[in-house]
Amino acid sequence: MRYLFAVIDTQTNSGTHEETVAIDEFNDKIGASGQRLMAAGLVAPRDAKVFDNRDDAALTSDGPINQTHEYMSGFWIIDAATDALAHELAAEASKACNRRIEVRRFL
């Protein structure tokens with residue numbers, strides 16, 4: 001099964017050197033096991049664009065849909081055989097990056 005691990009933060013690209021080393025080690029571990037499908041950081045929400053073309057509205061706006069203090073600053077997409085394994089990996093990811101991780105299974 002595939003899972004999204006959303007890294008929750010209040011800023012973008014805020015990792016310390018120690019966190020970056022721990023994240024690299026976690027990435028190497030899940031990469032070697034074939035569990036890491038993708039991982040990336042994201043630009044800050046202020047740099048987002050929202051497109052709404054429902055009913056041919058052709059609307060575009062700058063910034064995020066939701067204004068919040070915390071947001072998804074990065075993510076992993078992983079493959080795990082069970083929810084329990086995904087949750088175990090999420091706990092490791094949270095420790096490595098020193099951030100909260102929201103886990104969501106793909107449909």
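Colleague: Let's start with one residue pair. Which residue of E5 stands opposite Asp9?

Modeller: Tyr71 in E5 stands opposite Asp9. Please keep in mind that this is a predicted model.

Colleague: What makes E1 and E5 a pair of strands?

Modeller: Two strands count as paired when there are at least two bridges between them. E1 and E5 have eight bridges, so they meet that definition, and their sense is antiparallel. Another of their contacts is at Tyr3, whose bridge partner in E5 is Ile78.

Colleague: What makes E1 and E6 a pair?

Modeller: The same test of at least two bridges applies. Six bridges join E1 to E6, and the two strands run antiparallel. Tyr3 turns up again here, with Arg105 as its bridge partner in E6.

Colleague: In what order do the strands of the open sheet come?

Modeller: The four strands are ordered E2-E5-E1-E6, with antiparallel pairing. From one strand to the next, the twist averages 20°.

Colleague: Why are E2 and E6 said to stand at the edges?

Modeller: Each of them has a single partner strand, so one side of E2 and one side of E6 are left without a neighbour in the sheet.

Colleague: Why is E1 described as largely enclosed?

Modeller: A residue is buried when its relative accessible area is under 20%. Six of the eight residues of E1 are buried, so the rest of the structure largely encloses this strand.

Colleague: Where do the helices lie against the sheet?

Modeller: H1 lies across E2 and E5, and runs at about 25° to E5. Helix H2, residues 83-97, packs on the sheet and touches E1, E5 and E6. The direction of H2 makes about 155° with that of E6.

Colleague: Why is Lys29 called partly exposed?

Modeller: Lys29, which lies in helix H1, has a relative accessible area of 39%. Partly exposed residues fall between the 20% limit for buried and the 50% limit for exposed, so Lys29 belongs in that class. Leaving out residues up to four places away in sequence, Lys29 touches Leu89 and Glu92.

Colleague: What makes E3 and E4 a hairpin pair, and what sits in the turn?

Modeller: Strand E3, residues 49-52, and strand E4, residues 59-62, pair in the antiparallel sense over four bridges, against the two that pairing needs. Six residues lie between the two strands of this hairpin. In the turn, Asp55 has a positive phi of about 55°. Within the pair, Val50 stands opposite Ser61 in E4.

Colleague: How much space lies in the largest pocket, and which residues are closest to its centre?

Modeller: The largest pocket holds about 410 Å³ of space. Its lining has 22 residues, and Val7, Ile23, Gly41, Ser73 and Cys97 are the closest to the centre. Strand E1, helix H1, strand E2 and strand E5 each give two or more residues to that lining. H1 gives the most, with five residues.

Colleague: What kinds of residue line the second largest pocket?

Modeller: Six are nonpolar, three are polar and one is charged. Arg46 is one of the residues in that lining, and Arg counts as charged.

Conventions: Residues numbered from 1 in each chain as written. Predicted model: local features only at pLDDT ≥ 70, side-chain atom pairs only at ≥ 80, totals over all residues. Heavy atoms only, no water. 1 Å grid on protein atoms, 1.4 Å probe; cavity = no way out; pocket = protein on both sides within 12 Å on 5 of 7 lines; lining within 4 Å. Points joined across faces, edges and corners; volume = space filled by probe spheres on them. Axes fitted to C-alpha atoms, helices over the stretch in contact; angles between N-to-C directions. Contact = heavy atoms within 4.5 Å. Buried < 20%, exposed > 50% of the residue type's maximum accessible area, 1.4 Å probe, protein only.
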